[in-house]
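This report goes through selected residue contacts and aromatic groups. Please keep the sequence and the structure at hand while reading.

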Amino acid sequence: MIRYSHHDSYNLWTSVVYLCFSILFFLPFLVLCLYILKKIQIRFENWFWPLTFLTAFCCLIVFYLVSNIILHSFGYFDFFVDADYAGYYFGREALYHLLFVLGTGIYVYVSKEKTRTIKVFKGRKTVTLTIDLVQWIEVEGHYLNFYTKKETYIKRTTLGQLAKQLQPDFIRIHRKYIVNRNEIVAIEKEGRDEFTLLSSGKKLKIGPSYSPISW
């Protein structure tokens with residue numbers, strides 16, 4: 001506004017509209033990016049930063065196209081994709097938006113929950129078990145068995161209550177089982193039955209009321 005206000009063709013209202021699009025209209029995109037990056041953090045932790053950059057660039061392109069269409073519908077542009085607006089947006093605003101999205105990525109990365117643990121029993125000994133080490137949990141009577149690669153632990157609680165506590169890292173696939181999402185490598189079908197195949201080679205049946213599962 002300071003730079004162009006002395007021009008005869010300058011319109012303050014146009015600057016206000018562009019500013020609103022640049023800041024306010026981009027906020028829903030930031031919220032969407034936050035949701036996507038949290039999912040990436042859970043599912044593709046080792047690829048978090050490459051996928052964050054990819055998400056950021058996709059967000060810029062989508063925002064540019066959507067804002068073109070909206071501004072065109074209000075009569076600001078003669079065409080759906082305006083060349084002058086492309087120069088304006090990618091000349092300066094895109095950099096700010098890119099920094100906003102990457103800032104969202106940093107927030108997701110540093111706000112990752114601390115490693116969760118749970119008190120279980122090995123025989124009569126109380127053990128603090130890191131949840132990430134558990135491959136699956138199975139009901140056995142009034143107890144739950146916690147299976148890791150090397151050991152099995154037990155705890156007296158209900159599977160339904162524990163499944164809620166361990167979301168979204170664990171998913172319930174059966175009235176008797178909840179499994180670690182990161183341990184699932186495939187879903188296999190045998191006749192009418194479906195099974196989850198874990199990284200250890202273990203197969204666990206998916207209950208009809210829990211199918212299909214999202215992993």
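## Contacts of Cys 59

In this predicted model, Cys 59 touches Phe 26, Phe 29, Cys 33 and Val 101, leaving aside residues up to four places away in sequence. Cys 59 belongs to helix H3, which covers residues 48-73. Its relative accessible area is 6%, under the 20% cut-off, so Cys 59 counts as buried.

Leu 98 is 39 residues from Cys 59 along the chain, and the C-alpha atoms of these two residues are 8.6 Å apart.

## Aromatic residues

The whole structure holds 13 aromatic pairs. One of them joins Phe 63 and Tyr 89, with 5.6 Å between the centres and 40° between the planes, a tilted arrangement. Phe 63 is in helix H3 and Tyr 89 in helix H4 (residues 83-110), so this pair links parts of the chain 26 residues apart. Both partners are buried: Phe 63 has 1% relative accessibility, and Tyr 89 has a relative accessible area of 1%.

Phe 63 and Tyr 89 also belong to one aromatic cluster, together with Phe 25, Phe 26, Phe 29, Tyr 64 and Phe 90. Phe 26 and Phe 29 are among the residues that Cys 59 touches.

## Charges over rings

Lys 122 lies over the face of Tyr 153, 5.7 Å from the ring centre. Arg 156 is placed over the face of Tyr 143, at 5.6 Å from the ring centre.

## Surroundings of Thr 196

Thr 196 is part of strand E9, residues 193-198. With 0% relative accessibility, Thr 196 is buried. Beyond four places in sequence, Thr 196 touches Ile 173, Ala 186, Ile 187, Lys 202, Lys 203, Leu 204, Ile 206 and Ile 213.

Technical notes: Residues numbered from 1 in each chain as written. Predicted model: local features only at pLDDT ≥ 70, side-chain atom pairs only at ≥ 80, totals over all residues. Heavy atoms only, no water. Helix = DSSP H or I, 4+ residues; strand = E, 2+ residues; numbered from the N terminus. Buried < 20%, exposed > 50% of the residue type's maximum accessible area, 1.4 Å probe, protein only. Contact = heavy atoms within 4.5 Å. Phe/Tyr/Trp six-rings, centres within 6.5 Å; stacked < 30°, edge-to-face > 60°. Lys NZ or Arg CZ within 6 Å of the ring centre and 35° of its normal.
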